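Please read the following report with the sequence and the coordinates open beside it. The text goes from the chain as a whole to single residues and their neighbours.

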Amino acid sequence: MLGQALKQIFGLLTLFLIYPKLIYIHLKINPTASIPSSRGNRMTKTLSNPIGLLTAAAFYSFFIFGFTDNLKGATLPPLLTEMSLNYSIGGTILFGAYVGFIIATLFTGFLADTIGNKAVLLLAGALLIFGILGYSSFTTVIGLIAAMMVIGMGLGSIELGANSAIVDIHPLDK
């Protein structure tokens, strides 16, 4: 039961990772897409001016953040039932995500200065994929804690990377 639910969740997450490519294809077909700006007027974004696309990708990163963060609570009860664990151990498993988040927030800023925001966001996506794969395949408590730590590191990297990307894209709106 849990395996099927996690396969469906992983399929949805894969779709969400492919969705930005669909946005790019849409903009390639329709190169002038109009989106509202923070100043209230409508700005036209084109492929020759990718600010709108980069802004949408950064906000999309926050969507992935929220989607992945909400998976923890939805998968915990079936996981505890299937593995015959109590809620105190479940809380310890979830604690791994917060430890990973703290680790990521401490080091992602330095990493973004070194390798750039794009690489940080790609690393965050890789961490989320590996963390979800581990969370869906490990059968030990230590393995689940480690997988949740990797997911937390991915979430922390998205948080800092996407915020930093927005600041870099829109320096006048600081």
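What follows is a description of a predicted model, arranged by topic.

## Overall architecture

The secondary structure of this predicted model consists of five helices and two strands, and their order along the sequence is α-β-β-α-α-α-α. The chain has 174 residues, of which 33% are buried. Among the contacts in the chain with a separation of 6 or more, 72% are between residues 24 or more positions apart.

The accessible surface of the chain amounts to about 10,100 Å², and carbon and sulfur atoms account for 70% of that area.

## The largest nonpolar core

The largest nonpolar core has 19 residues, and those that touch the most other members are Leu 79, Ile 93, Leu 128, Tyr 135, Met 148, Ile 151 and Ile 158. Helices α2, α3, α4 and α5 are the elements that each give two or more residues to this core. As a general background, nonpolar side chains tend to be buried together in soluble globular proteins.

Once its neighbours within four places in sequence are set aside, Ile 93 is in contact with Leu 79, Leu 85, Tyr 135, Val 141, Leu 144, Ile 145 and Met 148. Leu 94, which lies in helix α3, has contacts with Lys 72, Leu 76 and Met 148 when neighbours within four places in sequence are likewise left out. Leu 94 and Ala 147 are separated by 53 residues in sequence, while their C-alpha atoms are 9.9 Å apart in space.

Ser 157 is located in helix α5, which covers residues 141–169. Its relative accessible area is 5%, and Ser 157 is therefore classed as buried, since the cut-off for that class is under 20%. If residues up to four places away in sequence are not counted, Ser 157 touches Ala 104, Thr 108, Val 120, Leu 121, Ala 124, Leu 127 and Ala 162.

Side chains of opposite charge can pair when their charged atoms come close. The structure holds one salt bridge, formed by Lys 72 and Asp 69, whose closest N and O atoms are 2.6 Å apart. The two residues are three positions apart in helix α2 (residues 51–83), which means that about one helical turn separates Lys 72 from Asp 69.

The two partners can also be described by their accessibility. Lys 72 is buried, with a relative accessible area of 7%, whereas Asp 69 is partly exposed, with a value of 27%. Lys 72 is also one of the residues in contact with Leu 94.

## Aromatic residues

The structure holds three aromatic pairs. In one of them, the ring centres of Phe 63 and Phe 67 are 6.4 Å apart and the ring planes are at 25 degrees, so this pair counts as stacked. Both residues belong to helix α2, where they are four residues apart, or about one turn of the helix.

Phe 63 is partly exposed at a relative accessible area of 41%, while Phe 67, at 19% relative accessibility, counts as buried because the cut-off for that class is under 20%. Together with Tyr 60, Phe 63 and Phe 67 make up one aromatic cluster.

## Surface features

A nonpolar patch on the surface is formed by Ile 102, Ile 103, Leu 106, Phe 107 and Phe 110, which together have about 530 Å² of accessible area.

Lys 118 lies in helix α4 (residues 117–137) and is exposed, with a relative accessible area of 66%. Lys 118 and Ala 58 are 60 residues apart in sequence, and the distance between their C-alpha atoms is 10.0 Å.

## A loop residue with positive phi

Ser 84 is found in the loop between α2 and α3. Although Ser 84 is not a glycine, its phi is positive, at about 55 degrees. Ser 84 is exposed, with a relative accessible area of 66%.

Conventions
Residues numbered from 1 in each chain as written. Predicted model: local features only at pLDDT ≥ 70, side-chain atom pairs only at ≥ 80, totals over all residues. Heavy atoms only, no water. Patch = residues over 30% accessible without salt bridge, like charges linked within 9 Å, V, L, I, M, F, W, Y side chains within 5 Å. Areas by Shrake-Rupley, 256 points an atom, 1.4 Å probe, with all protein chains shown as cover. Salt bridge = Lys/Arg side-chain N within 4 Å of Asp/Glu carboxyl O. Buried < 20%, exposed > 50% of the residue type's maximum accessible area, 1.4 Å probe, protein only. Contact = heavy atoms within 4.5 Å. Phe/Tyr/Trp six-rings, centres within 6.5 Å; stacked < 30°, edge-to-face > 60°. Core = buried A, V, L, I, M, F, W, Y, C linked by side-chain atoms within 4.5 Å.
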